[in-house]
Amino acid sequence: MSEQKNNSVETAIFAGGCFWCTEAVFQRLNGVKDVVPGYTGGNIKNPAYREICTGRTGHAEAIKITFDPAQISYTELLEVFFATHDPTTLNRQGNDVGTQYRSEIFYTSQEQRSLAEEFIALLEKEGIFALPIVTAISEEKPFYLAEEEHHNYYNDHRQQPYCQFIIDPKIKKLNALLSQKST
């Protein structure tokens, strides 16, 4: 599976916990053309949300990002990814527990793999996190779109308690730390 390069767009695939959260964060970045939630890294074809929630399919909740590298680099996407989730907790983000909530980067090219490895090494060298980073780096695997009700979840359900208590703080953090990158 190769990196998508068509009219100056590329693809990045990140799993960083609940895809409602990661989708909402990356939708707000200049240079990001599209973000879709889905499932990847598992061992069955066309999994459904109810199957993913059991943790038995091996899939992670993930997002596929289409971005313009002339506007935002892959390294900048990595900055946002690591700034808006906890890469030090194995199979967990906050109260969400299970392999489906793991921290994993699915690279679409050898360049992305190298950049991700270098970025993690830099974070570790600088001691950015008190605990070791457990984010896995894996080759892109089949990506299955999530059911329609999961698409654009935060934007369509901001009044929901989960959105207010879990996603709103991530958006505020993005705006405070990376305001030059967000829309």
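The largest nonpolar core of the predicted model comprises 35 residues, of which Phe14, Phe26, Ile65, Leu77 and Phe82 touch the most other members. Both strands and helices contribute to this core: at least two residues each are supplied by strand 1 (10–16), strand 2 (32–40) and strand 3 (60–67), as well as by helix 1 (19–27), helix 3 (74–83), helix 4 (110–126) and helix 6 (161–177). In soluble globular proteins, nonpolar side chains tend to be buried together. The surroundings of Leu77 illustrate the packing. When residues up to four places away in sequence are not counted, Leu77 touches Ala12, Phe14, Phe26, Leu29, Val32, Phe67 and Ile72. Another core, of seven residues, lies apart from the largest one and includes Ile13, Ala60, Phe106 and Phe143.

In helix 1, eight of the nine residues are buried, and the helix is mostly covered. Helix 3 is largely enclosed by the rest of the structure, because seven of its 10 residues are buried. These buried positions are Tyr74, Leu77, Leu78, Val80, Phe81, Phe82 and Ala83.

The largest pocket has a volume of about 160 Å³. Its lining consists of Gly16, Gly17, Cys18, Cys21, Gln93, Gly94, Asn95, Asp96, Tyr162, Ile166 and Lys170. With three residues, helix 6 gives the most to this lining. In terms of residue class, the pocket is lined by four nonpolar, five polar and two charged residues.

The structure also holds one cavity of 30 Å³ or more, and about 30 Å³ of space lies in the largest cavity. Gly16, Cys21, Thr22, Val25, Thr84, His85 and Lys170 line the largest cavity. Helix 1 provides the largest share of the cavity lining, three residues. By class, two nonpolar, four polar and one charged residues make up the lining of the largest cavity. Gly16, Cys21 and Lys170 occur in the linings of both the largest pocket and the largest cavity.

The count of salt bridges comes to two. In one of them, Arg102 pairs with Glu104, and the closest N and O atoms are 2.5 Å apart. Arg102 has a relative accessible area of 12% and is therefore buried. Glu104 is buried as well, with a relative accessible area of 6%. The other salt bridge joins Glu117 to Arg113, with 3.1 Å between the closest N and O atoms. Both Glu117 and Arg113 lie in helix 4, four residues apart, about one turn of the helix. An α-helix has 3.6 residues a turn, so residues three or four places apart point the same way. Glu117 is partly exposed, at a relative accessible area of 38%, and Arg113 also counts as partly exposed, at 33% relative accessibility.

How values were computed
Residues numbered from 1 in each chain as written. Predicted model: local features only at pLDDT ≥ 70, side-chain atom pairs only at ≥ 80, totals over all residues. Heavy atoms only, no water. Core = buried A, V, L, I, M, F, W, Y, C linked by side-chain atoms within 4.5 Å. Buried < 20%, exposed > 50% of the residue type's maximum accessible area, 1.4 Å probe, protein only. Contact = heavy atoms within 4.5 Å. 1 Å grid on protein atoms, 1.4 Å probe; cavity = no way out; pocket = protein on both sides within 12 Å on 5 of 7 lines; lining within 4 Å. Points joined across faces, edges and corners; volume = space filled by probe spheres on them. Nonpolar A, V, L, I, M, F, W, Y, C, P; charged D, E, K, R; others polar. Salt bridge = Lys/Arg side-chain N within 4 Å of Asp/Glu carboxyl O.
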